[in-house]
Amino acid sequence: MLQLVKRPQPSKAMTYLSPLLALAITLCAGVVMFQAMGVSPGRALHAFFAAPLASKYGWAELGVKATPLVLIGVALSIGFRAGVWNIGAEGQLTFGAICGGGIALWLHRAETGWVLPLVLLCGALGGMAWAAIPAFLRTKFNTNEILTSLMLTYVAILVLSLLVHGPWRDPGGYNFPESRDFSESATLPIILAGTRLHLGWLLALAMVGATWALLARTLVGFQVKVIGQAPAAGRHAGFSLNRMVWFCFMFAGGAAGLAGIIEVSGPIGQLQPSISPGYGFTAIIVAFLGRLHPLGVLFAGLLLALSYLGGEAAQILLGLPLAVTGVFQGMLLFFLLACDVLIHYRIRPRRRMSSAAA
Amino acid sequence: MEILIPAILTVITAATPLLYAALGELVAEKSGVLNLGVEGMILLGAVCGFAAVYLTGSAAAGIFAGLAGGMALSVVFGVLVLGFQASQVATGLALTIFGIGLSALLGQELVGVAYQGLPKISLPLLSKIPALGPLLFRHDFLVYGSFAMAFAVYWFLARSRAGLVLRAVGDSHDAAHAMGYPVVRIRFAAVLFGGGMAGLAGAYLSLAYSPLWIENMSAGRGWIALALVVFATWRPWRVFIGAYLFGGITILQLHAQVLGVGVPAQVMSMLPYLATIAVLVLISRDRNKIKLNAPACIGKPFHPAA
Amino acid sequence: MKHQNLFRAAAQAAVGAVVGLSLGLTAISASAAEVDNVGFVYVGPVGDHGWTYAHDVARKKLERELGVKTTYVENVPEGADAERVIRQLAASGSDIIFTTSFGYMDPTLKIAKQFPDVRFEHATGYKRAYNVSTYSARFYEGRAVLGTIAGMMSKSGKAGYIASFPIPEVVRGINAFTLAMRKVNPNAEVRVIWVNSWFDPGKEGDAAKALIDQGIDVITQHTDSPAPLQVAQERGVYAFGQASDMRTFAPDAQLTAVVNNWGDYYVERVKALQNDSWRSQDTWDGIGPGMVRIAPYGDAVPAKVRAVADVIAQNIANGAVHPFAGPFKSGDGKHSVKRGEVLDDETLLGMNWYVEGVQGGQ
């Protein structure tokens with residue numbers, strides 16, 4: 001049997017090597033799994049990892065899919081560092097789409113340059129407004145934010161449903177549940193001709209940079225790190241926990257709201273009942289997979305986005321049911337998470353009984 | 001009155017899966033482990049339970065297989081989180097993705113298969129009591145089991161020595177370790193219990209609530225169960241109240257729709273979520289009471305100092 | 001009952017250039033009559049036992065009967081992802097692609113523009129192009145038959161309707177059912193519960209229980225799972241299957257079912273492509289052409305009821321009876337249809353009001 005021994009210091013090398021090791025293990029496990037299912041492992045792994053990126057369009061789609069994951073993931077990581085458990089980013093995304101989308105519908109005749117910035121701003125503000133509810137309840141009434149933010153997600157989705165089934169329907173759309181198409185001036189510009197890659201991807205990258213700067217260079221970033229690692233020390237230093245809760249919720253809510261309005265004013269182009277296949281929840285994995293570090297979150301977002309594209313390719317090229325993708329994706333995540341143990345621990349043969357190994 | 005009894009019976013069926021899953025998660029969290037993979041474990045329990053009944057025809061086998069299915073998935077979680085010190089939040093969410101996929105894969109041949117549902121057990125004499133009889137003493141095994149389990153978990157955590165140790169592990173793993181308790185093993189057992197209970201919740205869904213297998217049939221109940229643990233401020237009897245409150249308002253709004261209230265259906269569907277928030281706000285105003293109950297080490301990895 | 005460019009004028013106003021192209025009805029100058037692959041985009045998992053399941057049954061029939069290769073992608077969200085999936089199918093060699101949910105409408109048209117040699121078939125939408133057809137089924141015809149049976153079988157005169165979302169498709173079904181039921185029993189009443197989901201077996205079953213608890217003895221549904229039928233079976237009331245014959249789940253309770261039969265249409269369209277006669281068109285078929293089928297009656301349906309239901313189905317099929325023939329009016333009195341009048345397809349397509357006798361309309 002093997003045993004974990006804590007390293008005196010986190011291993012720098014393993015910080016970079018562990019994801020590669022995890023990928024190698026995933027490939028091996030994938031070979032076994034696909035072989036067992038009677039699918040050619042070579043073709044299956046090709047479909048998952050190579051086929052989606054075989055063209056310029058594919059690379060652009062990776063950016064499109066990763067945009068909301070990175071944008072939300074990176075913002076959530078601040079809160080998770082500080083111990084603020086906002087798991088309702090999906091609701092904040094939805095409410096951002098509602099607020100920004102509402103402005104876009106209201107101004108559908110306006111054809112000036114300021115419409116898009118205004119729409120994006122309202123999207124971010126909408127996300128912040130929805131995030132303000134759990135923040136207020138937590139700071140004022142001590143109400144656990146896990147429950148409130150999660151429950152408010154369902155409420156936000158129902159609000160969107162109410163609007164697109166009712167007052168915000170496209171007047172020329174035979175009462176189907178979708179709004180009119182956003183005007184050109186409320187639509188995100190494409191940044192790579194012949195693809196769907198839109199301005200939102202640059203905003204996501206900017207968010208990564210901004211968050212990195214926030215953590216590395218600002219007092220707020222310092223407070224986040226201190227409160228996360230030692231709340232008592234934070235209190236001693238006079239940092240207000242309530243202010244921190246508000247900051248984390250506003251930061252993540254704004255980013256999630258922005259992600260929501262980016263989805264509807266970018267690739268979707270209108271409001272409809274379903275605007276996100278759970279990006280707000282997936283972004284939580286992305287945040288932790290990226291070890292709550294902005295650059296890590298960027299890579300994690302891209303990897304997860306690739307696994308979704310790969311799942312589609314596996315269905316199209318090999319006829320593998322979606323269920324297989326879920327299993328494979330789960331395995332990939334398990335290995336990635338497990339291999340991170342090597343950053344802080346060494347593995348050595350067990351000498352005596354210890355409670356450390358399960 | 002005529003409507004009241006069947007309506008309450010419907011509430012019981014709606015609350016039972018939530019109760020199982022939330023009780024299991026409560027015990028896991030009390031030991032200091034946060035497992036967000038409840039939805040995945042419920043689905044695996046549901047498909048295993050249904051498959052077992054399909055293959056053997058025995059309801060007992062179905063219940064047992066549901067329990068085992070949920071537990072099997074929680075083993076994966078336990079190994080990763082307790083053995084490899086992986087992030088609990090991320091591993092739990094990955095477990096949900098994995099569980100949804102695996103259950104769909106296993107259940108491919110079960111779609112369209114019918115089952116008449118778990119047999120109802122009428123307790124002799126007691127079930128004859130007017131009103132109370134049908135309400136309390138004419139259920140299937142899993143409903144009785146959920147009552148018993150709620151009490152058992154309450155007793156275990158509040159009254160038993162083992163429960164005291166479990167709580168100690170959740171509140172300060174270092175202190176518990178110093179006192180010689182096997183922290184990891186205790187947590188692993190709690191995780192397994194959580195998985196088994198989620199599996200039973202799944203078995204209840206596919207064997208009693210709506211006896212069939214359909215992909216993703218839990219429809220988000222795992223998340224509600226997670227929220228209920230928070231709602232209950234980590235107290236078993238409040239989990240019970242929370243599950244019945246949530247189930248009750250869900251059913252109430254359906255009845256209100258039948259009677260015709262003239263409120264948009266989306267607003268009606270919001271009620272259970274809004275009510276849960278409102279009640280939690282009322283409960284949580286007393287800061288100290290909640291702090292005392294929340295396990296201090298929740299989500300934190302443990303490794304004994306070498 | 002093929003309706004070529006059903007409501008051309010109105011749709012043209014709404015869609016402009018896209019439909020404008022279809023007016024010419026130009027066939028694509030396809031040289032190859034060979035169909036290598038047929039693509040399908042599904043909104044749910046194939047294991048949903050409802051909408052997507054019915055499409056997948058049809059896909060398998062297509063494979064069996066024509067020997068063509070098919071490819072499907074399941075659980076494709078109606079959002080940003082749909083466009084990519086449809087494009088990937090087009091780019092990887094599908095000659096014709098069926099996109100089987102309303103929310104795929106704009107993505108389908110967008111990709112159709114980029115792949116002029118590929119044909120597209122979009123279910124339940126209203127925007128077409130020269131290489132995009134639309135198709136849907138007149139499920140309301142089937143629901144009129146169900147309403148007739150419900151009217152004759154219900155002792156209380158109250159039927160329950162478990163509904164998903166207030167979209168015209170669902171509203172139309174509720175109205176057709178109610179009108180037919182009240183023709184048999186003028187005092188009949190239909191109570192609607194909205195569960196805000198296409199798919200949640202537990203909640204659908206709970207809705208069925210709530211309806212039955214309030215004295216309803218026939219239930220029907222516009223949600224996907226057989227759970228309400230199981231409840232009906234247990235409680236000893238009647239119910240109707242949805243999308244497929246659900247008799248196995250409720251051997252005594254199921255009176256009949258509206259069966260979605262897409263298979264014949266898929267075979268016909270792919271055959272048309274093979275012999276080069278594929279044209280952009282709008283298909284809205286009902287009982288007559290067999291796109292909507294009435295499942296065999298359950299044992300509980302007496303001979304007299306069967307006879308009446310058969311006549312109604314037959315008359316609807318041959319056009320002698322229209323489920324939305326006047327006289328009737330809406331519950332709020334704002335709309336009324338006189339004797340001798342029939343609601344036209346365009347009104348039906350966008351229907352968002354409820355006929356008299358519906359309680360709980362949104």
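In this predicted model, C:Arg59 and C:Asp56 are both buried. Their side chains meet in a salt bridge, with N and O 2.7 Å apart. The two residues lie 3 residues apart in helix α3 (residues 51-66) of chain C, and are therefore separated by about one helical turn. Side chains of opposite charge can pair when their charged atoms come close. Over all chains, the structure holds 25 salt bridges.

Other salt bridges cross between chains. The side chains of C:Glu83 and A:Arg196 meet in one of them, at 3.4 Å from N to O. This pair runs from helix α4 of chain C, where C:Glu83 is found, to the loop between α6 (145-165) and α7 (199-217) of chain A, which carries A:Arg196. Both C:Glu83 and A:Arg196 are buried. A further pair joins chain C to chain B: C:Glu234 forms a salt bridge with B:Lys120, and their closest N and O atoms are 3.8 Å apart. Here C:Glu234 belongs to helix α9 (residues 227-235) of chain C, while B:Lys120 belongs to strand β1 (residues 120-122) of chain B. With a relative accessible area of 57%, C:Glu234 counts as exposed, because the cut-off for that class is over 50%.

The interface of chain C and chain A may now be considered as a whole. Chain C contributes 38 residues to the contact and chain A contributes 31 residues. Together the two chains bury about 2900 Å², of which 55% is on carbon and sulfur atoms. C:Ala80, C:Arg84 and C:Tyr126 supply 20% of the area that chain C buries against chain A, more than any other three residues.

One of these residues, C:Arg84, also takes part in the charged pairing: its side chain meets that of A:Glu61 in a salt bridge, at 2.8 Å from N to O. On chain C, the elements α1 (8-15), β2 (69-73), α4 (80-91), α5 (105-114) and α12 (345-349) each supply at least two residues of the side that touches chain A. Helix α4(C) gives the most to that side, with 8 residues. By residue class, the side of chain C that touches chain A divides into 19 nonpolar, 9 polar and 10 charged residues.

The charged pairs are also joined to one another. A network of salt bridges links A:Glu61, A:Lys65, A:Arg196 and A:Glu312 with C:Asp81, C:Glu83, C:Arg84 and C:Lys110.

How values were computed
Residues are numbered from 1 along each chain as its sequence is written. Chains are lettered from A and ligands numbered from 1 in the order in which they are written. This is a predicted model: local features need pLDDT of at least 70, side-chain atom pairs count only at pLDDT 80 or more; totals for chains, interfaces and linings use all residues. Side-chain values use heavy atoms; hydrogens and water are left out. Contact means heavy atoms within 4.5 Å. Buried area is the accessible area (1.4 Å probe) that two parts lose on being put together, summed over both. A salt bridge is a side-chain nitrogen of Lys or Arg within 4 Å of a carboxyl oxygen of Asp or Glu. Helices (H or I, at least four residues) and strands (E, at least two) are DSSP runs, numbered from the N terminus. Ala, Val, Leu, Ile, Met, Phe, Trp, Tyr, Cys and Pro count as nonpolar, Asp, Glu, Lys and Arg as charged, and the others, Gly among them, as polar. Buried means under 20% relative accessible area, exposed over 50%, partly exposed in between (1.4 Å probe, protein chains only).
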